[in-house]
Amino acid sequence: MPKLTIDNREVEVADGATILDAAGKLGIEIPTLCFLEVCKPSTSCMVCVVKVEGLVSLVPACATIVRDGMQVESDCNQVHEARKAALELLLSDHLGDCLGPCHTICPAQMNIPLMIRQIAAEKLSDAIATVKEDIALPAVLGRICPKPCERGCRRAAIDEAVSICLLKRYVADVDLQSARPYSPTCKPGRDKRVAIVGAGPAGLATGYYLQQAGYGCTIFDDHEKPGGMLQYGVPEQELPRYVLDNEIALIEKLGVKFLCKTRIGDMLSMESLRRDFDAVFVATGALETADVESMGLKAGSKGIAMDGKTYQTNLPGVFAGGDAVHKRKLAIRAVADGKEAAASIDQYLSGQPVTGPAKPFNTRIGKLKDDEKETFAACGSESPRVTLPEQGDGFTDEQARIEAARCLHCDCRKADDCKLRQHSQSYQARAGRYKGDRRSFTQQVQHPEVIYESGKCIDCGLCVQIAAEAGEKIGLTFVGRGFDVRVAVPFDYSMAQALERAAGKCVAACPTGALAFTG
Ligand code: SF4
Ligand code: SF4
Ligand code: SF4
Ligand code: FES
């Protein structure tokens, strides 16, 4: 039985085993895309490459048989760069949106398409969980947000944008009016406390997310009631105060403490906050330079100077966000700051490097061609945008369902389990590094359960092999030449005829969103 070392660790494997098998035995993870144990290796992706001592080129671990005495490196810079380049080459010829355009444009990065599908399926308790994953005050923002997400909505290229903001408000209002409004589960207490200065949208959001993460949060505010500019700056007819108060009450119910009529400076010094708490988040709203400096913080051109990615200030353990750092006065931006700062504060308090929230990997289709608009249009209902008689009204159940059915499902059906996306995230691959000709977006939807989007196919051939082995009469094949090779149904058969038995297996094997379940 041959013995080899991988990253200086010795292992013995059976005759005929591959480097990938050996790595698996050692618990060393090597990324793969085109490999599946039950299929013959095609070595089409080269994402699994490793370095073998004495060989000039890197070799695919999935198809290289172990020789006795082999010395393999799986974790050096050369290997990392080669894997990244392999991913970037695949991405140069890849067409799809991992996340919906509305999702990526929302300052709070809310998963809008998922919320809309949950509304359409009448799963409103799932929808509120989706919304509150990213937006701590959705009933408030459903009334006052300037709706940047709707400017990015793909449906606008067909008729009018989906009414995303009112759908979010609908979900939040139904929840607030229910007997038991949504309350997320908090992690067990971590024995660490965070002081939040300012009970406006940024401070409230930070408290909401850090309390869930197990920290004890106290929010200080110099006004009589929490809410900041939402409480004292927005007209009542735009934002009825009971809505704000009810959403704040839900934050309080999580365990967040509020100390109002307490002004930093006069009654409370930054020094004492830093002494009594493990971290401080400053979200006071706009500040003059003198106020910033009196707290021992450095001032920038727009308020407190801080790192734009991590929200860290010059004082260790002190973070700042919202209008205290940029005078944008957009409540959704402040709520987004609060969520992102909470991620950094959590990293800081749990002893991890403070890097801020990770940016999710995303590929984009960009502007649609006319025929592509038609393809997308077929994914939503033909109804026009639901309009409401009075400004300030919310959707009824029926209106919400009609509006939700207009959504085109722009996000990828496999965004959460696409291996290409996962590896691209891990290797920090850039989708636009190598520019290729953009192919056309197509969808084959004749199969009752499976949808095929050829722009997301990486030609691994797994589905072709699986369909053949399952005894499919028609099955799948490769068509085209050179870079234009793609999997397709032969002749004029439909996908439903091609995959009568193996559809589920093919979807499970497909490493991307090229083959996915509909829905
Ligand atoms: S197939 Fe993967 S990489 Fe492509 S759009 Fe879907 S999730 Fe993103
Ligand atoms: S159609 Fe739906 S998924 Fe697409 S951008 Fe608009 S809201 Fe988002
Ligand atoms: S459609 Fe088939 S060939 Fe294309 S990526 Fe998926 S499994 Fe591979
Ligand atoms: S070449 Fe090994 S997984 Fe693709």
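**View 1. Helices α5 and α8 pack at an angle of about 115 degrees.** Helix α5 covers residues 124-134 and helix α8 covers residues 164-176, and their axes lie 9 Å apart. Helices (H or I, at least four residues) and strands (E, at least two) are DSSP runs, numbered from the N terminus. Axes are lines fitted to C-alpha atoms, for helices over the stretch in contact, and angles run from 0 to 180 degrees between N-to-C directions. The two helices α5 and α8 are therefore roughly perpendicular to each other; angles under 35 degrees count as roughly parallel, over 145 as roughly antiparallel, 65 to 115 as roughly perpendicular and the rest as oblique. Leu124, Ala127, Ile128 and Val131 of α5 make the contact with Lys168, Tyr170, Val171, Ala172, Val174 and Asp175 of α8, where contact means heavy atoms within 4.5 Å. These residues comprise eight nonpolar, no polar and two charged. Ala, Val, Leu, Ile, Met, Phe, Trp, Tyr, Cys and Pro count as nonpolar, Asp, Glu, Lys and Arg as charged, and the others, Gly among them, as polar.

*Note on the model.* The model is predicted: local features need pLDDT of at least 70, side-chain atom pairs count only at pLDDT 80 or more, and totals for chains, interfaces and linings use all residues. Residues are numbered from 1 along each chain as its sequence is written, chains are lettered from A and ligands numbered from 1 in the order in which they are written, and side-chain values use heavy atoms, with hydrogens and water left out.

**View 2. Helices α4 and α5 cross at roughly 165 degrees.** Their axes come within 8 Å, and α4 and α5 are therefore roughly antiparallel to each other. On the α4 side, Leu114, Met115, Gln118 and Ile119 meet Leu124, Asp126, Ala127, Thr130 and Val131 of α5. By class, this contact holds six nonpolar, two polar and one charged residues.

**View 3. Five strands form an open sheet of mixed pairing.** The order is β2-β1-β5-β3-β4, and the edge strands, β2 (9-12) and β4 (59-60), each pair on one side only. Two strands pair if DSSP finds at least two bridges between them. Strands β1 (residues 3-6) and β5 (residues 70-73) pair in the parallel sense over three bridges. Within β5, Met70 stands opposite Leu4.

**View 4. Ligand 2 has a shell of nine nonpolar, no polar and one charged residues.** Among the residues around ligand 2 are Cys102, Cys153, Arg154, Cys407 and Cys410; a residue is near a molecule if one of its heavy atoms lies within 4 Å of it. Helices α3 (101-105) and α4 (112-120) each supply at least two residues of this shell.
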